[in-house]
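Welcome! Open your viewer, keep the sequence panel handy, and let's take a short walk.

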Amino acid sequence: MRLRRLPLVFVACIFLVLTVNLAGCASETAAEHAANVYAAQELAAAPPHGNIPDYSLNPSDLAKAQHLSIVHETLHFGDEAWGIISLLLLLGFGAIAWMRDTAMKVTANRWAQGYLFLLLYLLAGTLLSLPLDLYAQHLSLQYGLSVQSWPSWFGDQAKAFALAWVIGGLLLMLLFWIIRKLPRSWWFAFWCASIPIVLFGIFAAPYIEPIFFKYQPLEKTNPALVAQLEQVVEKGHMNIPPERMFLMKASAKLTTLNADVEGFGASKRVIVWDTTIAKMTPDEIVFVFGHESGHYVLGHIGSTLVFTFAILFVTFYLGYHFVRGALSKFGTRWGVSSQNDWAALAVLLLAFSLFGILLEPIENTYSRMHEHAADVYGQEAVHGLVPDPQTTAIGAFNVLGKTSFADPNPNPLYEFWTYSHPSIGRRAAFGKAYNPWIPGMEPKYFKK
Ligand SMILES: [Zn+2]
């Protein structure tokens with residue numbers, strides 16, 4: 001097959017994966033359909049940003065949720081726009097070209113040049129985004145979502161910066177080596193290289209996260225909970241032994257709740273935040289764990305990887321053409337001579353930022369489908385383990401929403417564009433109505 005036909009094949013693949021997943025949605029069971037309709041009607045009948053029957057906040061918390069919702073919407077799109085504007089400014093005022101010149105003046109060694117250029121680039125990016133980052137952290141402290149001290153916050157920023165520099169430097173060297181060797185097909189070669197790199201990243205993530213949070217074996221701190229979680233593991237025929245379950249000390253920095261299944265193969269593990277254990281009932285924790293195990297049993301990690309590689313393929317292909325087009329038009333003005341110039345990194349990242357904004361709703365729609373499926377799985381997994389799965393689900397979503405002041409009825413367009421999960425209100429309403437164990441209905445994943 002000729003190389004230039006490949007993009008079309010992969011665009012077709014993206015649509016295929018999406019269609020298969022959408023088909024999964026279309027094949028919703030009668031019980032699922034009824035609960036989805038119930039949730040949609042409940043949200044439609046409630047005032048925008050107002051309480052809904054299945055997830056409501058007291059007046060003072062609702063006011064906080066409404067304010068946070070507006071600020072987050074503004075910050076979200078403001079941050080994306082500023083990312084692009086600041087890159088254009090850095091290119092337009094010759095700052096990127098200056099970074100390249102400085103790196104090349106200081107040393108003739110390519111590795112040192114690459115790392116020095118990236119250091120200057122990351123420093124500029126960090127300083128330009130610092131005001132928004134500081135404001136976001138200030139807001140989290142003000143609303144009690146974070147309890148992290150400023151020195152600790154700056155420490156985390158420094159660690160993240162160092163990681164981005166060290167790992168980003170390796171990627172930069174690989175990218176520019178490939179660009180030099182394959183000037184016309186580097187986008188494809190780099191995409192091929194990205195496959196093992198992404199896989200390794202997911203494998204290694206559980207080993208990197210202890211840099212930011214402390215972990216303890218869950219079995220040591222909470223053996224009774226482990227025994228309960230193992231019931232869900234057995235029900236789903238998963239292979240997650242108790243020693244792969246960990247407690248994350250989130251409370252040192254945050255007040256919000258979470259649980260997660262991470263890594264794969266030898267690094268696969270279940271993480272429960274200590275904040276979740278402090279604020280939820282054991283039944284609710286089991287439900288949250290049921291949701292997480294749903295991602296695992298339903299193969300969401302694998303299908304998300306396929307989806308991600310398809311997205312990366314299109315992004316790299318368009319990025320290659322964007323860099324060529326942008327350099328032929330603005331290269332002289334920006335002082336960027338060719339795609340083989342260190343400064344071309346900024347042009348490529350500009351392309352990724354632009355495509356990222358356009359791809360955001362596609363990625364989030366995909367993610368919400370998985371999250372919804374995991375909710376269905378979670379509720380079915382706890383059936384028989386808790387007295388009433390509906391009550392447990394509503395309780396869990398209310399705790400989850402209240403601890404983060406989640407907007408009960410967000411703007412549907414904002415939800416569509418930016419939410420990786422369905423809104424808490426939608427999930428709570430679905431959980432209330434989802435009952436596949438009544439006569440005439442069938443569970444989706446655990447047949448009667
Ligand atoms: Zn999830």
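At what angle do helix α7 and helix α12 pack? Select residues 186–208 for α7 and 300–334 for α12: the angle is about 150 degrees, and the axes are 9 Å apart. Before going on, note that this is a predicted model, in which local features need pLDDT of at least 70, side-chain atom pairs count only at pLDDT 80 or more, and totals for chains, interfaces and linings use all residues. Residues are numbered from 1 along each chain as its sequence is written.

Axes here are lines fitted to C-alpha atoms over the stretch in contact, with angles from 0 to 180 degrees between N-to-C directions. Helices are DSSP runs (H or I, at least four residues) numbered from the N terminus. α7 and α12 are therefore roughly antiparallel (angles over 145 degrees). Now color the contact residues, including Trp-187 and Phe-190 of α7 and Phe-309 and Tyr-320 of α12; contact puts C-beta atoms, placed from the backbone, within 7 Å.

Next, select Pro-408, in the loop between α14 (389–403) and α15 (412–418). Is Pro-408 buried or exposed? Pro-408 is buried, with 28 other C-beta atoms within 10 Å (buried takes 20 or more, exposed 12 or fewer). Leaving aside neighbours within four places in sequence, its contacts include Gly-50, Tyr-55 and Gly-425.

Finally, select Phe-397. Leaving out residues up to four places away in sequence, Phe-397 touches Tyr-55, Ile-424, Arg-427, Ala-428 and Gly-431.

Notes. Helices (H or I, at least four residues) and strands (E, at least two) are DSSP runs, numbered from the N terminus. Angles under 35 degrees count as roughly parallel, over 145 as roughly antiparallel, 65 to 115 as roughly perpendicular and the rest as oblique. Two residues are in contact if their C-beta atoms, placed from the backbone, lie within 7 Å.
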